[in-house]
Amino acid sequence: MNKTNDIIPEYQAESAIEFWEFLSPHRYILWPGERLIFRGQADSTWHLDPSILRGKNHPVYSQPLMKSDPHKSDYQIIAEVGALKTFTDHCDSSGLQIPGITAKFKREYLDQPSAIFSNTIVSRKSPWPLEEYFDLMSVAQHFGLPTRLLDWTRDPYVAAFFAASELALKSEIANKLRLAVWALDVQELPKQVELVRVPSSGNQNIAAQRGIFTLLRQPYQMGNGFEGTHLLDGHMSNLVTVHGKQRLIKITLPQSECFKVMDLRSKHSVTAATLHPDFYGAAKATQIALAITSKCTISDCSDVKIKKQPAFKTGRRS
């Protein structure tokens, strides 16, 4: 085990087999009775930060009046709700019904003018995002719209797939970098961390991937930035220091082993096609299979040593 800092442990595997065995549900990663969820990332140095807060992904940067001070919490909230409203409008125009989103919800939480909105939603004392937005955010996140949600899975090998699949299609892989699977114990989550579940009925991808989301909610005051960190690993680190309990770890592997990880996954009948049961998944599975094959070499089996078995004796029974 190597510790990148004194709080979040990093367990380093050097081969795909070692990595695979470490993730096995037959062993205890933290301790007996754990209830873990997993997240795969192509680079072990990446933090657990939601897609909407990476770089300039946030919709606040597309708002001319808010570009002057994009870090104000009220500006960010208004921009995020605006993006969710645009998403629901496009769904409506395409005849798509978002589960749990009613006409009343749209009137109260999406359609209010900015001035009224600022004096109601933004001025509330609840941490952002409000619970009323969870269902809408989970659907938007699942289909590619950046939100404050983080994607996780209940299956460690699905997480390994997502960590390795991003790398398998790259033309070059850095020698010194590592991929990672994060493991989070959800049995005693801190107060501001929410588990957000999406019903798998009617959603083949969520069912196949055993998907679930986490959401780190942050307190705010109008005119100021959000309080605390938006990084889940940073938030958990602070709490671990206080309570002395370890709830989050990461297991890493050299990126060069990604092809072997993908090969192991396919041998267990898990591919992009099974995790995305549609034409997109079939196409991606084909691309990955070709990439894996192109990196393989044909062996004459001279490196395989077969232990001689004793001769089989025949005879009559007396």
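Let's start with Glu-10 and Arg-178. They form a salt bridge, with the closest N and O atoms 3.9 Å apart. A salt bridge here is a side-chain nitrogen of Lys or Arg within 4 Å of a carboxyl oxygen of Asp or Glu. Glu-10 sits in strand 2 (residues 9-12) and Arg-178 in strand 5 (residues 178-185), so the pair ties together parts that are 168 residues apart in sequence. Helices (H or I, at least four residues) and strands (E, at least two) are DSSP runs, numbered from the N terminus.

A word on the source. This is a predicted model: local features need pLDDT of at least 70, side-chain atom pairs count only at pLDDT 80 or more, and totals for chains, interfaces and linings use all residues. Residues are numbered from 1 along each chain as its sequence is written, and side-chain values use heavy atoms, with hydrogens and water left out.

Back to the pair. Are they buried or exposed? Glu-10 is buried, at 4% relative accessibility. Arg-178 is buried too, with a relative accessible area of 12%. Buried means under 20% relative accessible area, exposed over 50%, partly exposed in between (1.4 Å probe, protein chains only). Glu-14 joins in: Glu-10, Glu-14 and Arg-178 are linked in a network of salt bridges.

How many salt bridges are there by this rule? The count is 10.

Next, Glu-80 and Arg-148. Their side chains meet in a salt bridge at 2.8 Å, N to O. This pair links distant parts of the chain, 68 residues apart: Glu-80 is in helix 2, and Arg-148 is in the loop between helix 5 (134-142) and strand 4 (149-153). Both residues are buried. For Glu-80, the relative accessible area is 5%. What else does Glu-80 touch? Leaving out residues up to four places away in sequence, Glu-80 touches Ile-52, His-58, Pro-59 and Trp-128, as well as Arg-148. Contact means heavy atoms within 4.5 Å.

One more pair. Asp-185 forms a salt bridge with Arg-247, the closest N and O atoms being 2.9 Å apart. Asp-185 is in strand 5, and Arg-247 is in the loop between helix 8 (232-243) and strand 8 (248-254), 62 residues apart. Asp-185 and Arg-247 are both buried.

Helix 2 covers residues 73-93. At 1.5 Å a residue, its 21 residues should span 30 Å, and its end C-alpha atoms are 30 Å apart, which agrees. The expected span is 1.5 Å times one less than the number of residues. Buried residues in helix 2 include Ile-77, Glu-80, Val-81, Leu-84, Phe-87 and Cys-91. An α-helix has 3.6 residues a turn, so residues three or four places apart point the same way. After helix 2 comes Gly-95, with a positive phi near 75°.

On to strand 4. Four of its five residues are buried, so strand 4 is largely enclosed by the rest of the structure. Strand 4 pairs with strand 7 (residues 211-216) in the antiparallel sense, over five bridges. Two strands pair if DSSP finds at least two bridges between them. Within strand 7, Thr-214 is the bridge partner of Leu-150.

Last, confidence. pLDDT is the predictor's confidence in each residue, from 0 to 100. The chain mean is 81, and 79% of residues reach 70 or more. Over residues 1-5, pLDDT stays under 50, and the model has 11 contacts there beyond four places in sequence. Residues 312-318 also stay under 50, with zero such contacts. Where pLDDT is low, the predicted coordinates should not be read in detail.
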